[in-house]
Amino acid sequence: MKQIILLSFLLVFTTLSNSIAQTSNYFTEKLVFATNHPILNYGNTTSYLKGMRYETLMATEEDSLVGRYRSYLPQVSQMTNPMPLNEAVEFEMRTAKSMGVDGFKFFVNVDANKYYLNRFIDVIIEYVTVASRKDIDFQFSVCINFPKWTKRRADYLKETTFQRLDQLFKRTNYSKLWLRNNKNEIVVFTTESSKIIQECIPKRDVKYFLDNPAIFKKIAGEYDEIEKRLGTPISIVYHSSFPPNVSYNHLILDHFPALSCVKYSQFYDPGVESIRKICKQRKRPFIQHVFPDQLSTQMILKENDKKVAEKSKLSYTLKKKDVYLKSQSLKLTQGFRDLLGKAVSRDADFIDVSSWNLYEEGSHLAPEMHHGYANGLLLKYYKNIWKTGVENIEKEFVITSYKSYNSTQRADTDIEVRTSLSMYPDKDQDSIEVVTVLNYPADVYCNNKYLGEAKKGISAFYAPKKIGTVTVEVKRKNKVVIGYETPKAIISSPKRMDWLTYSFCNLDEELARDTQNYILDNEMKHMRKRFLLSKEQQGAWRIAAYNRYQSDLLAAQQFGQLPDKYLAARDKNEKKYRADINKIIKDLDYEVWLELEEKAKSVEGIQDMMMPSVLPKELDGYNILPVANPLNN
């Protein structure tokens with residue numbers, strides 16, 4: 001009897017699993033993709049420059065923080081003036097590639113205001129066009145972002161999906177740079193994938209889907225219809241909202257070739273491991289999501305835990321004591337390293353980094369005031385093992401990470417930060433972390449205190465916090481082989497909330513110079529044409545530009561919470577930079593350059609991420625890319 005039941009089960013399972021052809025090696029190679037916010041590049045036309053500049057971020061008057069509390073500062077904004085769009089997107093791609101990213105994933109929010117969506121599409125197309133023209137080995141994918149809740153009808157969302165995909169693929173001539181699977185189908189990711197049919201729009205309970213398994217065939221049919229209208233083969237990656245539910249995920253794979261799941265489930269091992277087993281069992285790709293940090297800029301009301309819509313009437317009436325922000329306890333870089341390690345141990349087929357430049361989530365990989373290249377170095381270290389199975393360390397490095405003050409002080413600052421998901425105990429944030437990646441064992445010291453012997457490969461140590469800057473030394477036979485002092489001091493009483501993790505590395509300056517050269521290569525072409533610069537003049541110009549950038553970055557790290565001090569330091573750095581340029585080019589040439597410099601600095605880009613005057617009433621205050629809310633994912 002048991003044999004008959006088992007045979008019946010196998011027959012049913014085989015029938016179901018064969019309804020979609022097996023897709024072993026769905027991705028033709030192991031790739032790392034990161035989500036890119038298209039208008040948070042440092043371009044001078046269609047970019048949201050207010051979200052990139054100190055004056056409208058950390059220097060904002062605290063009484064003017066209407067709905068969001070922004071405490072980040074992208075390093076690119078200190079490297080240069082806003083660039084032509086083609087140069088700005090080239091910079092983002094080359095920087096990401098140097099940090100181990102193989103491609104960008106762009107969210108297309110089909111419920112968003114057309115004003116922004118049009119600009120999103122234009123910038124995405126520019127990325128693909130520039131990569132193709134410059135022969136940059138980089139790939140792209142789209143994630144159709146269906147809303148959790150909407151007043152739109154499914155037929156509107158479906159039509160918008162078709163129109164936007166059609167625009168992207170046609171205007172890029174169906175570029176080979178679009179991510180494709182082993183059948184040469186363009187891979188399209190989705191979120192809230194079921195919302196393409198009307199009856200699923202209000203459904204949030206897994207029981208509905210389990211009780212109505214035929215609904216997946218109907219959902220798949222809607223995507224098939226989009227594919228027919230597009231006239232090019234696409235492959236949908238379905239978004240699983242219930243990772244631990246085995247039956248639900250099997251139903252997805254009966255009708256879709258691949259699935260992904262919400263990133264915040266990644267630390268819930270039973271759920272993710274369940275998906276991994278299902279994917280391996282059915283020869284489907286397993287996608288590992290990773291994220292290095294998390295601090296939402298979204299203000300939330302203490303009285304009812306509701307989000308404050310940016311620039312809504314309510315947002316102008318609130319005091320800082322009325323709201324809080326959400327963070328996650330990731331134990332500095334431990335959470336990121338754990339997730340990358342799981343990608344290796346689970347033999348993932350694809351690594352999805354939550355953010356390249358979604359600064360408002362605080363999970364960005366792009367170089368920023370709080371971290372330069374540390375997260376990228378960690379990504380490249382684990383990626384190499386993931387792809388080759390071999391640990392290969394070209395240059396040894398040491399990363400030092402910490403919060404600038406203790407978690408117990410957060411409630412005493414001008415705004416409260418609450419832990420929404422504790423991956424590790426909150427107290428684990430209140431230490432100095434030293435991570436070594438070495439070719440040979442060595443002794444590790446922090447603030448002159450011996451932490452232990454680091455092994456070959458990767459090791460992590462933790463030291464108690466101490467007020468002031470942090471010194472780190474790595475010694476072999478009592479000789480210092482790596483040593484530095486961090487520029488950001490640990491403080492006792494913060495003037496302003498700044499809860500993102502600071503990370504510093506011995507390779508930061510070298511990598512920063514290489515990265516800024518992506519910008520200066522283009523800038524020197526322009527200057528060479530205008531002023532007939534010699535090689536010696538170009539070299540001197542590069543040095544002057546790099547020195548200004550490093551001085552501004554240091555000032556931001558030291559005085560970011562004190563706008564008057566930072567702006568005074570930046571003005572001093574600017575005067576020195578202009579004096580250095582005046583030594584390189586003289587008289588009329590210098591006056592022409594100065595005029596160009598002032599004009600470039602005055603560029604404002606897109607004025608607002610929120611434009612209530614052009615938004616439909618029901619979407620007033622709606623953000624083009626909603627900040628992820630861990631409690632709702």
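Visitor: Which residues are buried in H10?

Guide: In H10, the buried residues are Gln334, Gly335, Phe336, Arg337, Leu339, Leu340, Lys342 and Ala343, where buried means under 20% relative accessible area, exposed over 50% and partly exposed in between, with a 1.4 Å probe and protein chains only. This is a predicted model, in which local features need pLDDT of at least 70 and side-chain atom pairs count only at pLDDT 80 or more, while totals for chains, interfaces and linings use all residues. Residues are numbered from 1 along each chain as its sequence is written, and side-chain values use heavy atoms, with hydrogens and water left out.

Visitor: What makes Thr160 count as buried?

Guide: Thr160, found in helix H5 (residues 154-171), has a relative accessibility of 9%, and because buried means under 20%, Thr160 counts as buried. Leaving aside neighbours within four places in sequence, Thr160 is in contact (heavy atoms within 4.5 Å) with Val110 and Leu117.

Visitor: Why is the pair Arg346 and Glu273 called a salt bridge?

Guide: A salt bridge is a side-chain nitrogen of Lys or Arg within 4 Å of a carboxyl oxygen of Asp or Glu, and the closest N and O atoms of Arg346 and Glu273 are 3.7 Å apart, so the pair meets the rule. The pair links distant parts of the chain, with Arg346 in the loop between H10 and E10 and Glu273 in helix H9, 73 residues apart. Arg346 counts as buried at 6% relative accessibility, whereas Glu273, at 22%, counts as partly exposed.

Visitor: What is the N to O distance in the salt bridge of Arg570 and Glu55?

Guide: The distance is 2.3 Å, N to O, and the two residues are 515 residues apart, Arg570 being in helix H14 (residues 563-584) and Glu55 in the loop between strand E1 (31-36) and helix H2 (76-79).

Visitor: Why is Val592 called partly exposed?

Guide: Val592 has a relative accessible area of 35%, and because partly exposed lies between the cut-offs for buried and exposed, that is the class of Val592. Val592 is found in helix H15 (residues 587-601), and together with Leu588 and Leu596 makes a nonpolar surface patch of about 250 Å².

Visitor: Where is the pLDDT below 50?

Guide: The protein averages a pLDDT (the predictor's confidence in each residue, from 0 to 100) of 89, and 92% of the residues score at least 70. Over residues 1-19, however, the pLDDT is below 50, and it stays under 50 over residues 611-633. Where pLDDT is low, the predicted coordinates should not be read in detail.

Definitions and conventions. Helix = DSSP H or I, 4+ residues; strand = E, 2+ residues; numbered from the N terminus. Patch = residues over 30% accessible without salt bridge, like charges linked within 9 Å, V, L, I, M, F, W, Y side chains within 5 Å. Areas by Shrake-Rupley, 256 points an atom, 1.4 Å probe, with all protein chains shown as cover.
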